Amino acid sequence: MTETKLLDNTLERIDETGTRKAYEYLKAHLNKDEDWSSQVYNFLYCLAATSDLPDEALTWLEEAIIEKGQWYRPEVFEDEDLDHIRNEERFQLCEKTSKKRYEDALKEASTEFTLKERLEDNLLVVLHGNQQNNDISRALWRDISIEDYQVEYLQSKELDSYNLYRWNDDGNGPKQLASAMKKTDDIGFDNKVLAGFSAGCNTILRAIVEEKIVPDKLLLFSPWIPVSEASMTQIIESLKESVVEVMIVCGELDEDCLPLCKLFEEKANELDYECTIRYIQGLGHEYPEDLSTYTEAYL
């Protein structure tokens, strides 16, 4: 089971059985031989804190920050889940240590684009979601082989936590993407496709409107599109004007993104913009297991 799937399952158990059972489930299913991400530790200490296990919560927090050298955005420590341990000296030391590391990381943050040279006629660029990175994207896409396409990855410079990144709703992700696309123009490809997951999809659509980038096709998985109806209309008009093809894949259990996809579909129909939308039964906020089937068929 991937880390992303495990955390999704844990979230489901919070709603179904409460934080204590969810905490026990997460602990029981973690691979003890793997290095856990900062997101896993965040789940552990938050769930322990809200399960009336303050010492365990502090121990997990110390393991992440003091022992493993991880850090978080300052906003993470404002989470009300941590109110039970906030006044402890151990918590305050972790918060202070994390803040210093975060500030140091900000000074070094930069966009990472894996493209070095043209190896195939066509290009597919993958943008990760929040609390992800290029390594996570690569692990999900590495077994997908598309004839005449090379797959490359774009990692945001917007920090989430240690070794994890995000595309802020109002951040400069569109400029980062536009800069990467300029590089693809300089190298030269017959066709250029952008694929995004969650918040990465929002960055792609914003870049089309704000930076006037013009890819040939878009693949949007579990797209997070936090915009008004007016903004959605502007997005679709831009796609239509630039003749950009779009396929959206969203799970029917994706409570946050499904309504946004429905709005996109509604506006697309109103504006006579043809796009492909697939709603997957039983799928939450994640890639479909048969990612290659959707991708290869669309390209």
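Predicted model: local features only at pLDDT ≥ 70, side-chain atom pairs only at ≥ 80, totals over all residues.
Q: Which residue meets Arg-86 in a salt bridge?
A: Side chains of opposite charge can pair when their charged atoms come close. A salt bridge needs a side-chain nitrogen of Lys or Arg within 4 Å of a carboxyl oxygen of Asp or Glu. At 2.8 Å, N to O, Arg-86 pairs with Asp-83.

Q: How many salt bridges does a search of the whole structure find?
A: The pair of Arg-86 and Asp-83 is one example. The pair of Arg-20 and Glu-24 is another. The search of the whole structure gives 18.

Q: In which helix do Arg-20 and Glu-24 lie?
A: Their side chains meet in a salt bridge at 3.7 Å, N to O. Arg-20 is partly exposed at 41%, and Glu-24 is partly exposed at 38%. Helices (H or I, at least four residues) and strands (E, at least two) are DSSP runs, numbered from the N terminus. The two residues are 4 apart, about one helical turn, in helix α2 (residues 19-29).

Q: How many residues apart are the salt-bridge partners Asp-190 and Arg-118?
A: Their closest N and O atoms are 4.0 Å apart. The pair links distant parts of the chain: Asp-190 is in the loop between α7 (173-187) and β6 (191-197), and Arg-118 is in the loop between β1 (112-113) and β2 (122-127). Arg-118 is partly exposed at 34%. The separation of Asp-190 and Arg-118 is 72 residues.

Q: Where is Ile-213, and is this residue buried or exposed?
A: Ile-213 sits in the loop between α8 (199-210) and β7 (217-221). Leaving aside neighbours within four places in sequence, Ile-213 is in contact (heavy atoms within 4.5 Å) with Leu-177, Ala-178, Met-181, Leu-194, Ile-204, Ala-207 and Ile-208. With a relative accessible area of 7%, Ile-213 is buried.

Q: How far apart in space are Ile-213 and Arg-118?
A: In sequence, Ile-213 and Arg-118 are 95 residues apart. In space, C-alpha to C-alpha, the distance is 20 Å.

Q: Are α1 and α2 roughly parallel or roughly antiparallel?
A: Axes are lines fitted to C-alpha atoms, for helices over the stretch in contact, and angles run from 0 to 180 degrees between N-to-C directions. The axes of α1 (residues 3-17) and α2 come within 7 Å and cross at roughly 155°. Angles under 35 degrees count as roughly parallel, over 145 as roughly antiparallel, 65 to 115 as roughly perpendicular and the rest as oblique. So α1 and α2 are roughly antiparallel.

Q: Which residues of α2 make the contact with α1?
A: On the α1 side, the contact involves Leu-6, Leu-7, Asn-9, Thr-10, Arg-13, Ile-14 and Thr-17. On the α2 side, the residues are Thr-19, Lys-21, Ala-22, Tyr-25, Leu-26 and His-29.

Q: How are α7 and α8 placed relative to each other?
A: Gly-173, Pro-174 and Leu-177 in α7 meet Thr-203, Ile-204, Arg-206, Ala-207 and Glu-210 in α8. The axes are 8 Å apart, and the angle is about 75°. Therefore α7 and α8 are roughly perpendicular.

Q: How many disulfides are counted?
A: The sulfur of Cys-275 is also too far for a bond, 10 Å from the closest cysteine sulfur, in Cys-261. Cys-275 is partly exposed at 25%. The count of disulfides is 0.

Q: What is the phi of Val-243?
A: Val-243 lies in the loop between α9 (229-242) and β8 (245-251). Val-243 is exposed, at 65% relative accessibility. Phi is positive in this residue other than glycine, near 55°.

Terms used. Residues numbered from 1 in each chain as written. Heavy atoms only, no water. Disulfide = S-S within 2.5 Å. Buried < 20%, exposed > 50% of the residue type's maximum accessible area, 1.4 Å probe, protein only.
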